[in-house]
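Here are a few exercises to work through with the model open beside you. Try each task before you read its solution.

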Amino acid sequence: MRSILRGNLIQAPALGQLDCLPGGCLLLEDGVVRGVVPTPPEGWQEVPVTDYGNRLILQGFVDAHLHGPQYPMLGTAMDLPLLEWLERYAFPTEARFADPDYARAVYRALAADLAAHGTTRVVMFSSLHTDATLILMEELARAGLWGYVGKVNMDRNGGKNLQEDTEDSKRETLRWLEQCGVFAPQIRPILTPRFTPSCTDGLMAWLGALARERDLPVQSHLSENTGEIAWVRELHPGCAEYWESYAKFGLWNGRTAMAHCVHSSARERQAMREAGVLAVHCPDSNINLCSGVAPVRRMLDEGVSVALGSDIAAGACLGMLEVMSQTVRASKARSLLTDGADRPLTAAEAYYLGTTAGQRFFGVGAGFAAGERLHAVVVDDNALGPASGLTLPQRLERAIYRAGQAEICAVWAGGRQIGGQRGFL
Ligand SMILES: [Zn+2]
């Protein structure tokens, strides 16, 4: 069935480039984008139109790094650096997901919250619990979201409540993969060794072989914090740099997403570029845990792919518009720290990183991506101040800095409306 969405269309086909079409038309056929045009073409004149008037129609937001089981601690526990924070707060919070009923209630609320904030695709960590991970995938699918979700592997350094036996970890990973196929293609699995200190060499090697055998993507953490990097050096004295502890086990390729990369050296960044590894920048988290300020401009200049993540709950903002403004602020802090050598990012660049750069990890092209199911967020910026006299790029910038859940009036994911005037799930 054909339909048309009409409104002020703003897409980011490339870093720093905005394509704006005031009062434009998004042509849809069974939820798949057929074109972005000023007026309905021949054969589309009689097609039903959803007219969003003067509102902004943005690309769906991609949250490329977040931890589902940390949602209950969102906005709390901001007083420790990474390793202590994991042990004191994150691990005990995640341990509660051994209880499927608890997982169901939390994940239902999280999925609704993500949709309400305009996040339409996620690349997400679950906990090590297989049943809770399947529940998370089910709840995301039920809310209409799309994404990759990983059962976490961790067979060392998790304390007594959050650690698997190596053989259990392998067996549970296979059980999870067997059962999660029902959510594809909407919600798909991604292998998730928590980070190098959490996984023995034997488990890492097994995961690398599994990724290759089943052609699965991989997510983990990289060079977030200096204490963590020193620990990895102790654990892997044969690796000159952190990334090698993944690469040597086959966990480093064009389907790998690595969160943070705050302290990645020039050589580590080069290894990312050459392998096509995606760096996921999580600016709020990096400040909250006093990790540092990632050299995003430098990575982009060097040709490294960068997307954005909320990294809840080390990050306290679930909404990607806020993560985009945090990205611009963090880049300014970085500019100050480097005496202007690292130029700040613009709002338009942050919009690209939070949309097109993230959707590329899903194999989807730029902008509203003709031939793909529509992912879009409709923003009513009426309450943010007068729109008259502002250009569409200015209204986008204002939305990034000022819009929240209240301004998001409709959300489309996978070619269908998942929230908005008819209410969110
Ligand atoms: Zn993380």
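A crossing of two helices is called left-handed if the near helix is turned anticlockwise from the far one by less than a right angle, and right-handed if clockwise. Keep in mind that this is a predicted model, where local features need pLDDT of at least 70 and side-chain atom pairs count only at pLDDT 80 or more, while totals for chains, interfaces and linings use all residues. Residue numbers start from 1 along each chain as its sequence is written.

**Exercise 1. Describe how helices H2 and H3 pack.**

Step 1: find the pair. H2 covers residues 100-116 and H3 covers residues 130-142. (Helices, H or I, have at least four residues and strands, E, at least two; both are DSSP runs numbered from the N terminus.)

Step 2: get the geometry. The two axes are 9 Å apart and the packing angle is about 30°. (Axes are lines fitted to C-alpha atoms, for helices over the stretch in contact, and angles run from 0 to 180 degrees between N-to-C directions.)

Step 3: name the arrangement. That angle makes H2 roughly parallel to H3. (Under 35 degrees counts as roughly parallel, over 145 as roughly antiparallel, 65 to 115 as roughly perpendicular, and the rest as oblique.) The H2 and H3 crossing is right-handed.

Step 4: list who touches whom. H2 brings Pro-100, Ala-103, Arg-104, Tyr-107, Arg-108 and Ala-111, and H3 brings Asp-131, Ala-132, Ile-135, Leu-136, Glu-139, Leu-140 and Arg-142. (Contact means C-beta atoms, placed from the backbone, within 7 Å.)

Step 5: sort by class. The H2 and H3 contact has eight nonpolar, no polar and five charged residues. (Ala, Val, Leu, Ile, Met, Phe, Trp, Tyr, Cys and Pro count as nonpolar, Asp, Glu, Lys and Arg as charged, and the others, Gly among them, as polar.)

**Exercise 2. Now do the crossing of H11 and H12.**

Step 1: H11 (residues 320-337) and H12 (residues 347-354) have axes that come within 9 Å and cross at roughly 130°.

Step 2: H11 and H12 are therefore oblique to each other, and their crossing is right-handed.

Step 3: on H11, look at Met-320, Val-323, Met-324, Thr-327 and Val-328; on H12, at Ala-347, Ala-350, Tyr-351, Leu-353 and Gly-354. The class tally for H11 with H12 is eight nonpolar, two polar and no charged residues.

**Exercise 3. Which parts of domain 1 touch domain 2?**

Step 1: an automatic or database domain assignment gives the bounds. Domain 1 is 2-59 + 367-420, and domain 2 is 61-354.

Step 2: the domain centres, taken over C-alpha atoms, are separated by 29 Å, and 22 residues of domain 1 are in contact with 24 residues of domain 2.

Step 3: helix H14 (392-402), strand E16 (408-413) and strand E17 (416-420) each supply at least two residues to that side of domain 1. H14 gives the most, with six residues.

Step 4: by class, this side of domain 1 has 14 nonpolar, six polar and two charged residues.

Terms used:
Two residues are in contact if their C-beta atoms, placed from the backbone, lie within 7 Å.
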